[in-house]
Amino acid sequence: MSAATTNAAEKALVSLSLKDVHKSFGRTEIINGVSLDIADGERHAVIGPNGAGKSTLFNLVSGRFPVSSGRIELRGEDITNLEPHVINRKGLSRSFQITNIFPRMTVYENVRCAVLWSLGYKYSFWHRVGGLRDAAQRTEEIVELIGMQERRERLAGVLTYAEQRALEIGVTIATGADVILLDEPTAGMSHSETDEAVELIRKVTAGKTLIMVEHDMGVVFNLADRISVLVYGEVIATGTPAQIRGNKAVQEAYLGTEQD
Amino acid sequence: MRAFWGSQLEFFLVTLLNSLSYGLLLFMLSSGLTLIFSMMGVLNFAHASFYMLGAYFAYQTGAYIGFWPALFIAPILVGILGAVTERYGLRTVHKFGHVAELLFTFGLAYVIEEVVHLVWGRAPVDYRVPESLDFTLFTLFTTQYPAYRAFMMLISVGMLISLFLLLTRTRVGMVVQASLTHPDMVEALGHNVPRVFMMVFAGGCALAGLAGVLGGNMFITEPGMAFAVGSIVFVVVVFGGMGSLAGAFVASLIIGTLQTFSVALDFSMLGVLGAIGISVSEDSNWYGLWSITISQTAPVLPYLLMVLMLIVRPRGLMGTRES
Amino acid sequence: MTPVFHKTRLIFWSVVAIFFVMLPFGFSGGFALSMLSQMGIAIIFALSYNMLLGQTGLLSFGHAVYFGLGAFMTAHVINWVGEDRIWWPITFMPLVGGLTGMLFGLVLGFVTTRRAGTPFAMISLGIAEMVAASALMFTTFFGGEGGIATDRTAGGTMFGISYGPQIQVFYLIAGWCLVGMIGMFAVTQTPLGRMANAVRDNPERAKFVGYNPTRVRWLMMTLAGFFAGMAGALATINYEIVTAETLGLVASGNVVLMAFIGGIGHFWGPIVGAVFVTWLQSALSTYTQAWLLYFGLLFLIIILFSPGGMANLVTLHKPAWHARLMKRLLPSYALAAATGALMLTGFVAVIELLYSHGGSGDMVSLFGLRVDAGSAVTWVAAVGLFVVGIVLFRWALKYVRRAWEEITPQLQSSGVV
């Protein structure tokens with residue numbers, strides 16, 4: 001079937017599609033022809049050893065870096081090399097590996113900032129932000145969802161690390177996007193914190209498409225519907241957790257080196 | 001006719017030489033500013049104030065022990081002041097971020113100007129070209145070219161070469177140079193020690209001081225000189241690309257030439273129009289605009305050039321880093 | 001909770017309005033009135049500046065451009081009104097200035113706000129230099145060295161208001177100052193205002209929640225230009241002359257000082273700064289030639305030791321005040337104030353003696369005393385006072401630190417921190 005005859009219904013099944021994406025910095029090729037289709041509502045994990053290019057891949061998809069070649073589509077629409085804020089408005093949101101929030105604003109304000117654009121307030125200087133019922137409601141919902149009602153008036157900069165990570169996820173989903181990219185959401189957390197984070201991720205991404213980079217295999221096999229293994233800028237395998245577990249190449253290239 | 005072209009050539013050559021000496025002086029200032037900015041991320045607003053202090057120190061020490069010792073002592077004094085500024089000022093405000101650092105140097109420029117008022121008064125001081133250099137080096141057609149201008153160029157080029165050697169041939173230079181392109185790496189290697197910062201800041205200030213020693217008697221030594229030259233140096237740095245020494249060099253020469261020539265040219269659009277046979281009535285609303293001479297636009301040109309550069313190429317001529 | 005909020009705010013602004021109305025009764029006399037007028041203008045200007053620095057994180061060294069262009073345009077419009085070429089009430093001239101400032105904010109902001117941080121600071125300076133240099137070139141509009149003179153009574157008398165007497169001008173300024181304060185406060189409470197904070201804190205993240213930081217900066221610049229131009233228009237009405245200095249670098253630097261000394265982290269900070277600096281400028285400049293030096297040093301001290309400005313000193317004490325622990329701090333503060341005063345006296349004496357360039361027998365007036373600037377005794381006394389002051393002040397600071405250390409656990413346990 002050629003692309004032209006693909007019907008709309010079938011197209012909608014693919015949330016995010018990467019087609020032969022390349023990225024090099026100078027002469028170093030970091031992403032070396034990645035093609036990947038992620039279905040609507042899927043929870044997809046990208047794993048791979050350090051330096052495999054996982055974060056770079058996220059930066060390409062979210063528009064932080066331009067691609068060297070290839071094409072990225074969001075629900076069939078070309079988003080290659082668009083500005084991050086444009087991609088975000090089209091319904092793709094991401095979190096960061098290193099906590100990236102608004103430190104001098106409260107938890108509540110952090111979330112509210114992320115809510116404003118999608119509710120259509122844009123650059124308005126004629127609305128009183130405190131009087132926006134819908135924004136307040138959405139913000140309350142999300143603050144509750146990430147379990148930070150009691151912390152809502154705290155400055156984000158003074159929260160504990162785990163709280164900041166939760167807020168990071170809150171800000172990411174607050175934009176109302178239905179494709180969510182999470183970059184190592186549990187990095188640096190203790191066991192109990194990780195368990196809580198997994199529950200949080202499950203809860204907040206219900207009904208959405210989730211793509212995450214994660215190092216904690218427990219989290220990956222617990223959450224993901226499908227897994228892609230990225231090694232030296234190439235996807236060497238994609239499949240269900242069981243398939244990946246049984247994949248020889250993966251064991252050699254990746255699991256083998258990290259087994260304890 | 002031949003006399004006309006001769007005088008044009010003379011004008012052109014002399015102005016070109018003046019552009020070169022002025023451009024080199026600008027580079028002495030902008031190179032220090034660039035080094036400090038690249039290393040520390042600090043835009044030293046008081047840089048031109050250190051230039052001014054160089055001139056005043058040279059005037060003062062020169063009055064007691066003569067120009068030649070002052071040529072060395074004044075920049076060293078300015079360098080020491082720079083080190084003190086870094087150690088007790090910038091390092092304290094560093095934790096509050098770059099805006100606070102910038103504001104600190106801004107406040108410092110304010111205070112230095114006032115201190116100069118306090119010590120040397122508001123009128124220009126009589127800082128002169130030394131007698132040993134106060135002669136005509138050569139005569140170009142009818143223009144006598146002063147030896148001091150040539151001396152200025154000599155010192156500037158000498159400084160340029162020593163700076164180049166220092167940056168490429170010494171260990172400290174390597175660290176400084178590496179931090180121009182790979183600041184994170186240098187930091188990771190543990191070189192980002194406060195002492196290097198202090199040295200670079202002091203060195204940059206000493207360069208500015210040296211420029212002051214040379215420029216102070218060539219032009220004029222007065223409390224307003226920091227203000228006058230400060231913003232031009234900023235233009236040079238933005239135009240050349242922030243953090244690029246090569247960019248600062250090229251931009252210094254371009255801006256120097258532009259300024260020197262534009263001040264010297266007394267054409268107006270009115271004259272050009274007149275030459276091609278169009279006359280504009282003095283009652284016309286646009287008469288004022290047409291009659292502006294190039295020399296009148298001279299103060300605006302560098303800034304205009306900078307704005308154009310920012311529109312066409314926001315990172316400047318040779319800048320690599322976006323912000 | 002929203003309506004209650006609204007009501008308290010309404011009451012608050014009413015109190016400010018009544019305060020403005022009452023001011024001339026408390027400070028009568030020509031000098032006080034003209035200083036109050038100046039303060040009103042400075043407040044609007046400083047607040048508009050803080051829309052950039054405090055709220056959007058844009059350190060501009062060229063904000064007087066918008067103030068000045070608004071002022072010049074207003075001067076021309078008032079003159080046109082005087083020549084009966086157009087009709088526009090003087091009362092609404094600040095809108096003319098505001099729109100001019102806004103227009104230039106829109107145009108120049110397009111160039112400047114493409115960069116942030118240090119490059120923005122430099123570019124704003126360059127643009128300011130360009131405009132200032134152009135001002136001397138285009139003499140038709142800027143009037144050259146002499147500037148543009150105007151007559152604020154050109155609009156004639158309307159409802160008994162001619163704007164001849166200073167008191168009427170004061171009330172005009174006070175009224176627009178109130179409008180400006182409310183307007184600028186309102187901007188902080190809008191989606192744009194909030195996103196400006198977000199862009200200030202973390203421009204990259206702002207992109208990933210759908211906002212274009214460049215656009216946010218540009219819009220804030222445009223709005224700040226409006227209020228700066230409004231202040232400029234009031235300055236034209238107040239002084240009846242505008243010169244190129246109005247949009248020069250010194251004026252731009254001045255507003256940086258005002259906002260920063262007052263405190264850029266709070267909406268109220270620049271107001272405090274504008275009032276304080278305006279007062280300081282006219283008070284100090286009548287007593288000493290060295291006032292700019294004191295002014296610069298004050299600025300440096302604030303950057304070094306209280307980067308939040310004067311407003312921050314107040315917020316710092318809020319928890320202690322609520323926990324009723326201020327009385328524990330006050331004794332050490334009194335000690336620091338006394339020794340600090342000693343140190344300051346010595347310092348001022350030294351500076352004033354230096355400024356006098358005194359030879360023997362030159363009499364200098366110091367704190368009301370006539371002293372001989374040439375005598376060694378005077379110098380030794382001044383320097384001695386300064387040195388002893390430093391030593392004592394540092395000793396007193398130890399007590400301040402200790403007092404804070406003592407109350408900190410109580411503040412934490414009472415939950416106000």
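What percentage of the 260 residues of chain A count as buried? Please start from there and then go through the chain and its partners.

Reply: The model is a predicted one. In chain A, 44% of the 260 residues count as buried.

The overall build of chain A comes next. Chain A contains 10 helices and 10 strands. Its radius of gyration is 19 Å, close to the 18 Å that the globule rule gives for 260 residues, so chain A is as compact as a globular protein of that length. Along the principal axes, the C-alpha atoms of chain A fill a box of roughly 55 × 50 × 40 Å. Counting contacts in chain A between residues at least 6 apart in sequence, 66% join residues at least 24 apart.

One sheet of chain A can be followed strand by strand. Strands of a sheet pair through backbone hydrogen bonds, either parallel or antiparallel. Here 4 strands of chain A make an open sheet with antiparallel pairing, in the order β2-β1-β4-β5. At its edges lie β2(A) and β5(A) (77–78), each of which pairs on one side only. Strand β1(A), residues 14–25, is joined to β2(A) by 9 bridges, and the two run antiparallel. Within β2(A), Asn32(A) is the residue opposite His22(A). Helix α2(A), residues 54–61, packs on this sheet and touches β1, β2 and β4 (69–74) of chain A. The direction of α2(A) makes about 65 degrees with that of β2(A).

Gly33(A) sits in β2(A), which covers residues 28–39. Leaving aside neighbours within four places in sequence, Gly33(A) is in contact with Asp20(A), His22(A) and Glu234(A). Leu18(A) is 15 residues away from Gly33(A) along the chain, and their C-alpha atoms are separated by 9.3 Å.

Now the partners of chain A. Chain A and chain B do not touch, and their nearest C-alpha atoms are 14 Å apart. Chain A does touch chain C, in a contact that takes 31 residues from chain A and 26 residues from chain C. On the side of chain C that touches chain A, α1 (2–26), α8 (191–201), α9 (203–207) and α10 (213–239) of chain C each supply at least two residues. Of these, α8(C) gives the most, with 8 residues. By residue type, this side of chain C divides into 12 nonpolar, 8 polar and 6 charged.

Of its 11 residues, 10 are buried, so α8(C) is largely enclosed by the rest of the structure. Among the buried residues are Pro191(C), Arg194(C), Asn197(C) and Arg200(C). Their cover includes α4(A) (107–116) from chain A, together with α2 (30–56), α7 (166–188), α9 and α10 of chain C.

The other contact made by chain C is with chain B. Of the 2 pairs of chains in contact, chains B and C share the most contacts. Their contact takes 38 residues from chain B and 35 residues from chain C. On the chain B side, at least two residues each come from α3 (67–93), α4 (98–120), α9 (225–240), α13 (294–297) and α14 (301–312) of chain B. The most come from α4(B), with 14 residues. The residues on this side of chain B are 28 nonpolar, 9 polar and 1 charged.

Chain B itself has 14 helices and 2 strands. Of its 323 residues, 43% count as buried. For contacts in chain B between residues at least 6 apart in sequence, 77% join residues at least 24 apart. Strands β1(B) (residues 136–140) and β2(B) (residues 143–146) run antiparallel and are joined by 4 bridges. Thr136(B) stands opposite Pro146(B) in this pairing. The two strands form a hairpin with 2 residues between them, and Phe141(B) in the turn has a positive phi of about 55 degrees.

Methods. Residues are numbered from 1 along each chain as its sequence is written. Chains are lettered from A and ligands numbered from 1 in the order in which they are written. This is a predicted model: local features need pLDDT of at least 70, side-chain atom pairs count only at pLDDT 80 or more; totals for chains, interfaces and linings use all residues. Two residues are in contact if their C-beta atoms, placed from the backbone, lie within 7 Å. Ala, Val, Leu, Ile, Met, Phe, Trp, Tyr, Cys and Pro count as nonpolar, Asp, Glu, Lys and Arg as charged, and the others, Gly among them, as polar. Two strands pair if DSSP finds at least two bridges between them. A residue is buried if 20 or more other C-beta atoms lie within 10 Å of its own, exposed if 12 or fewer, and partly exposed in between; C-beta atoms are placed from the backbone. The radius of gyration is taken over C-alpha atoms; the globule rule is 2.2 Å times the number of residues to the power 0.38. Axes are lines fitted to C-alpha atoms, for helices over the stretch in contact, and angles run from 0 to 180 degrees between N-to-C directions.
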